[in-house]
Amino acid sequence: MHKIFKFIVIVAIGLVLPQFASAATVYLEASRNTLSVGDTAVVAVKINADGGVINTIEGDVALNSLANNAVVQEFSLANSSFGLWPRTPSLSADGKIISFVGGVPGGFSIEGATVFKIILEARKPGRVTISPKNISVYQNDGQGTKLQTQFKDIVIDVVAAQPGTEIVNDWAAIVSRDVTKPEDFIIVPGQTNSLFEGKKFVFFSAIDNQSGIDYYEVSEDGKAAVRSGSTYVLQDQSGNVELTVTAYDKAGNRRVVKSLVEPEDKISWKFVISVIFIGIVLKVVYKIWKRRKSNASFSSQN
């Protein structure tokens, strides 16, 4: 128990003590910079914090391709340094903009940290430029201080496939090698008037460093499982609910965790951790909502 308490103290201190950083750089790395039509590459969104400690990143990644030379197949959070995702990477209706919001308790200071990965399929000969856009990086100082951030694009050339050559799928190769279950995780109960109309919920976040987590399934008291994100609102609000949460990775491997949610959870290390997690998520979401609302108001006035 003393180890758990020590972990809680470290995380809590990291949230409130000032940290210092001068700049951050968001850039992209591809498994290959030249693709033949039909090939699939893995493009990693990366960040350098210049020695500082950061805990939140949000924004967009743009695909500049006039003729749909390449399309996004899916995303992976494998090896991501961010464990909290108020908004997992999602693609706009026109397939041109990827939006995301990620956070991590206590922050980190890792050069070349992975944010998430884009699985890109080449469709037509041409050139594709992938650009970080409108990305904000926040310092782990308890104030949500925004860091000065610079961006670096990546250019991928798509060429015509040569007769007799095989299609190369870097992502399929990664998935085919993944025979490992997601790592063990905990189910954290929570309840606050600020979320889900005050209803009881649970939070969980599994890690899979090979292909990444695909989705979760949640079952209450042995009933039919439902697909879920990392936050699940209890259907049975009375308590004494036996939860079974199954985390699936992109290769279909699964990890099953069970937990009993009691009517009134006493203040414990689980409660403290949930408060920390919820506080981070609320702070990020509120900050983004407030800024976007302000921008929308400004646009309507002009």
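Buried residues are those with under 20% relative accessible area, exposed residues have over 50%, and partly exposed residues lie in between (1.4 Å probe, protein chains only). The model shown is predicted: local features need pLDDT of at least 70, side-chain atom pairs count only at pLDDT 80 or more, and totals for chains, interfaces and linings use all residues. Residues are numbered from 1 along each chain as its sequence is written, and side-chain values use heavy atoms, with hydrogens and water left out.

**View 1. The protein chain as a whole.** The protein chain holds three helices and 18 strands; helices (H or I, at least four residues) and strands (E, at least two) are DSSP runs, numbered from the N terminus. Of the 302 residues in the chain, 44% are buried. Contact means heavy atoms within 4.5 Å. Among the contacts with a separation of 6 or more, 72% are made by residues 24 or more positions apart.

**View 2. Helix 2 and its buried face.** Helix 2 spans residues 170–177, and Asp170, Trp171 and Val175 are its buried residues. Seen down the helix axis, these residues fall within an arc of 135 degrees, so they line one face of helix 2; the arc is that of the directions from the helix axis to the C-beta atoms. On the face turned away from the buried side are the exposed residues Ser176 and Arg177. The cover over the buried residues of helix 2 includes strand 3 (40–48), strand 5 (70–76) and strand 8 (113–122). At the N-terminal end, asparagine 169 caps the helix, with a side-chain oxygen 3.1 Å from the backbone nitrogen of tryptophan 171. A polar contact is a pair of N or O atoms within 3.5 Å; within protein, one must be able to donate a hydrogen and the other to accept it, and residues adjacent in sequence count only if both atoms are side-chain atoms.

**View 3. Strand 17 and the strands paired with it.** Two strands pair if DSSP finds at least two bridges between them. Strand 17 (residues 241–249) runs antiparallel to strand 18 (residues 254–261), and eight bridges join them. Leucine 243 stands opposite serine 259 in strand 18, while the bridge partner of glutamate 242 in strand 18 is leucine 260. Four residues lie between the strands of this hairpin, in which glycine 252 takes a positive phi near 90 degrees. Strand 17 also pairs with strand 14, in the antiparallel sense, over seven bridges; here leucine 243 is the bridge partner of glutamate 220. Eight of the nine residues of strand 17 are buried, so the strand is largely enclosed by the rest of the structure.

**View 4. Aromatic pairs around phenylalanine 204.** Rings of Phe, Tyr and Trp (its six-membered ring) pair if their centres lie within 6.5 Å; planes under 30 degrees apart count as stacked, over 60 as edge-to-face and the rest as tilted. The structure holds nine such aromatic pairs. Phenylalanine 185 and phenylalanine 204 form a tilted pair, 6.4 Å centre to centre with 45 degrees between the planes. This pair links distant parts of the chain, 19 residues apart: phenylalanine 185 is in the loop between helix 2 and strand 12 (188–190), and phenylalanine 204 in the loop between strand 13 (201–203) and strand 14 (213–220). Phenylalanine 185 and phenylalanine 204 are both buried. Phenylalanine 204 also forms an edge-to-face pair with tyrosine 216, at 4.9 Å centre to centre and 65 degrees between the planes. Phenylalanine 204 lies in the loop between strand 13 and strand 14 and tyrosine 216 in strand 14, so the pair ties together parts twelve residues apart in sequence. Tyrosine 216, like phenylalanine 204, is buried.

**View 5. Serine 228 and its surroundings.** Serine 228 lies in strand 15 (residues 226–228) and is buried, with a relative accessible area of 14%. Not counting residues up to four places away in sequence, serine 228 touches Phe204, Tyr215, Tyr216 and Val218. Glutamate 217 is eleven residues from serine 228 in sequence and 5.7 Å from it in space, C-alpha to C-alpha.

**View 6. Serine 131 in strand 9.** Serine 131 belongs to strand 9 (residues 126–139). This serine 131 is buried, with a relative accessible area of 2%. Leaving aside neighbours within four places in sequence, serine 131 is in contact with Asp60, Val61, Ala62, Asn64 and Asp153.
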